Amino acid sequence: MSEAGTLPAQSKSVPSGADPEHRILIIDDEAAIRESLETLLTLEGYAVETASDGNQGLSRIDTRAYDLVLLDLALPGQNGLEVLARIRERQPELPVIMITAFGTVGNVVDAMRAGAQNFVQKPWDNEKLLADIRASIARRRAEEENIQLKRALKRRYNFENIVGKSE
């Protein structure tokens with residue numbers, strides 16, 4: 001087995017019978033962390049893809065739609081905050097949860113200011129992480145629905161659609 005961070009990015013399918021509603025990208029340089037998260041999320045019915053560094057992750061984001069990204073703070077090359085900034089440039093609405101073993105108050109504040117939805121410290125609690133993921137995806141779905149409803153209302157009540165009668 002190769003060293004952590006040297007394995008190619010992998011995509012595994014959801015077990016048969018599961019219907020993956022949501023696609024999650026895991027960006028972490030530690031193979032054991034990627035595999036652990038991938039197993040947990042796949043068992044929950046998510047479609048999961050992984051990347052071992054920021055460049056791989058960004059390239060995946062450029063070519064495929066995701067509902068959420070789990071992003072390690074300490075990555076080789078560019079750190080997680082730099083990758084987060086690039087994600088925000090590409091897809092400002094994409095929820096990102098930062099994961100790190102170095103959960104200082106300064107790191108948390110920096111990540112939240114940079115646009116992270118949440119910050120999880122390693123080792124994580126599976127139930128709390130899953131709850132955070134569900135909440136982030138639900139928040140994004142509600143925001144998208146709100147935008148669609150506003151567009152529909154705007155079209156319906158547009159000036160051209162106003163009809164009046166007069167004697």
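A salt bridge here is a side-chain nitrogen of Lys or Arg within 4 Å of a carboxyl oxygen of Asp or Glu. I went looking for such pairs in this predicted model. I found 10 salt bridges in the structure.

**Overall layout.** I counted 5 helices and 6 strands. Along the sequence they run β-β-α-β-α-β-α-β-α-β-α. Of the 167 residues, 40% are buried. I also checked contacts between residues at least 6 apart in sequence: 67% of them join residues at least 24 apart.

**Lysine 122 and glutamate 30.** Their side chains form a salt bridge, 3.3 Å from N to O. Lysine 122 sits in the loop between β6 and α5, and glutamate 30 in the loop between β2 and α1, so the bridge ties parts 92 residues apart in sequence. Lysine 122 is buried at 13% relative accessible area, whereas glutamate 30 is partly exposed at 35%.

**Arginine 64 and glutamate 49.** This salt bridge spans 3.1 Å, N to O. Arginine 64 lies in the loop between α2 and β4, glutamate 49 in strand β3, so parts 15 residues apart are tied together. Buried or exposed, what is glutamate 49? It is buried, with a relative accessible area of 2%. Arginine 64 is partly exposed at 36%.

**Aspartate 62 and arginine 90.** I read 2.7 Å, N to O, for this salt bridge. It links helix α2, which holds aspartate 62, to helix α3, which holds arginine 90, 28 residues apart. Aspartate 62 is partly exposed at 48%. Arginine 90 is partly exposed at 36%.

Conventions: Residues numbered from 1 in each chain as written. Predicted model: local features only at pLDDT ≥ 70, side-chain atom pairs only at ≥ 80, totals over all residues. Heavy atoms only, no water. Helix = DSSP H or I, 4+ residues; strand = E, 2+ residues; numbered from the N terminus. Buried < 20%, exposed > 50% of the residue type's maximum accessible area, 1.4 Å probe, protein only. Contact = heavy atoms within 4.5 Å.
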